[in-house]
Amino acid sequence: MAGSRRRGPRAGVRPLLCALLLSLGRFAGGDGTGGDFAAAAAAGSAAAPPHRRFEYKYSFKGPHLVQSDGTVPFWAHAGNAIPSSDQIRIAPSLKSQRGSVWTKTKAAFENWEVEVTFRVTGRGRIGADGLAIWYTENQGLEGPVFGSADMWNGVGIFFDSFDNDGKKNNPAIVIIGNNGQVHYDHQNDGANQALASCQRDFRNKPYPVRAKITYYQKALTVMINNGFTPDKNDYEFCAKLENMVIPPQGHFGISAATGGLADDHDVLSFLTFQLTEPGKEPPTADKEISEKEKEKYQEEFEHFQQELDKKKEEFQKGHPDLQWHPDEVFESVGDRELRQIFEGQNRIHLEIKQLNRQLDMILDEQRRYVSSLTEEISKRGAGIPGHQGQVTQQDLDTIVNTQHEILRQVNEVKNSMSDTVRLVSGIQHPGSAGGVYESTQHFNDIKEHLHIVKRDIDNLVQRNMPLNERPKCPELPPFPSCLSTMHFVIFVMVQTVLFIGYIMYRTQQEAAAKKFF
């Protein structure tokens, strides 16, 4: 299995980065890098997407998720998993619980995509252990790896919420492959076995978290919706693995486990799609049902609809006090304030996320530019001897050093932006009594981080400007002295005389008072 390469999604330029882009354009201009990047982005967007076909036998979604006998169609659950009508609780918030749910039949898709919607909620600031999404050759109904079996043959995407190795890098999303012969290193969170990873906080979010896992043309991509917005298509890049080899047939599954700490691990939906490359013939549909069966299903549906309408009328007659009232539609003043605070936090988070994406794009372009210059230096240094080659070498060295300085400074700005993103991601939903105060504190912290980012960008622009164009600070006028040395000495002597006189006066008064005793 090959390693991974991170690719951040493209985003539009924001006003805060205009100065940074202009300064970088002075060094990157004229080499065609920006044009090639834009052309590549346009070519990538113009590529035809694969054909998607929904596979219901490898999916589940509420409502009416569970049958009357407590089973989920086409799926098998084990351990402490609890299916219900609208979700499956893989592991409840009790200590040392394990659960999993797996497809009963193997999938034989060359390319596929799964979309998983889940919630991980708990009372504590730290949770455990986590949740895992699987594609393996065999079912791992029970075991020590997030509720599934160890030494699996396939790939697992782990949503690890507990920091076992003490490196303070959790919650995290880790991709680990296995050929069925390696034990999972649980004590170190699989750090030496991870093929790719990213840090994302998926606990206690106001909306369900969504994970989109795509295996297309031997590349495994993981995208995450952070659960801060109800937008189902608001995904951000997590990790990508090229040349990923997995079993040609396997089971899809999802498992979870708890330890000394406990969270509720709920899965709301698991949707599977088969992908077909453009130009290839899409898979044929299943055999259509006969007209007789269609009429039978239609009659059953109409009968069910009539019974449902009757039950609704009976309930409304028996509970007239539960009728709908228009006043319940309008929100109170407190609810409106909390909603506005949450919407403001959400907008700030989206803006900072766009800035972070833009910095990722700039860093990627600068790295490619530096690598191309380094190759050019090595070629010219080996092929052109003499004095003229030495001058060219010096010019190229100057450019490379300048690019390294830009990379270092942009990395500092990116680190500051990452701290701000983590700060905004840690903001909890303002539903508690102290939510307004905590939100105010978070806004102040975010404002401070943005000021730091702006200051770093201004410093970067100033350093890259020519010396003759840099603004000079005006010279300060001479500060007038309000107190001469002689006046100060006289003032000190007067204060000393007054202090000594006061001490003598107090001594005489105390001696006179003693005569009366």
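1. Arg 200 is partly exposed, at a relative accessible area of 23%.

2. A word on the basis of these remarks: this is a predicted model, where local features need pLDDT of at least 70 and side-chain atom pairs count only at pLDDT 80 or more, while totals for chains, interfaces and linings use all residues. Residues are numbered from 1 along each chain as its sequence is written, and side-chain values use heavy atoms, leaving out hydrogens and water.

3. Now to a second salt bridge, between Arg 203 and Asp 263, whose closest N and O atoms are 2.8 Å apart. Arg 203 lies in the loop between β11 and β12 and Asp 263 in the loop between β15 (251-257) and β16 (264-276), so this pair ties together parts that are 60 residues apart in sequence (strands are DSSP runs of E with at least two residues, helices are runs of H or I with at least four, and both are numbered from the N terminus). Both ends count as buried: Arg 203 at 5% relative accessibility and Asp 263 at 0%.

4. Salt bridges that share partners also join Arg 52, Glu 113 and Glu 115 into one network. The charged end of Arg 52 sits over the ring of Phe 273, 3.9 Å from its centre (this requires NZ of Lys or CZ of Arg within 6 Å of the ring centre and within 35 degrees of the ring normal). Elsewhere, Glu 55 pairs with Arg 53 at 3.6 Å from N to O, and Glu 55 counts as buried at 10% relative accessibility. The count for the structure comes to 13 salt bridges.

5. Which residues touch the most other members of the largest nonpolar core? They are Trp 112, Phe 118, Ile 133, Phe 159, Ile 175, Leu 220 and Phe 252, in a core of 44 residues (a nonpolar core is a set of buried Ala, Val, Leu, Ile, Met, Phe, Trp, Tyr and Cys residues joined through side-chain atoms within 4.5 Å). Strand β7 (residues 112-121) gives the most to this core, with five residues. A second, separate core of 11 residues includes Trp 102, Val 145, Phe 146 and Trp 152.

6. The structure holds 21 aromatic pairs (rings of Phe, Tyr and Trp, the last by its six-membered ring, pair if their centres lie within 6.5 Å; planes under 30 degrees apart count as stacked, over 60 as edge-to-face and the rest as tilted). Phe 159 and Phe 202 form an edge-to-face pair, 5.6 Å centre to centre with 85 degrees between the planes. This pair links strand β9 (residues 153-160), which holds Phe 159, to the loop between β11 and β12, which holds Phe 202, 43 residues apart. Phe 159 is buried at 1% relative accessibility, and Phe 202 is buried with a relative accessible area of 3%.

7. One more ring pair deserves a look: Tyr 207 and Phe 342 have centres 6.2 Å apart and planes at 45 degrees, so the pair is tilted. Tyr 207 is in the loop between β11 and β12 and Phe 342 in helix α4 (residues 333-383), 135 residues apart.

Definitions and conventions:
A salt bridge is a side-chain nitrogen of Lys or Arg within 4 Å of a carboxyl oxygen of Asp or Glu. Buried means under 20% relative accessible area, exposed over 50%, partly exposed in between (1.4 Å probe, protein chains only).
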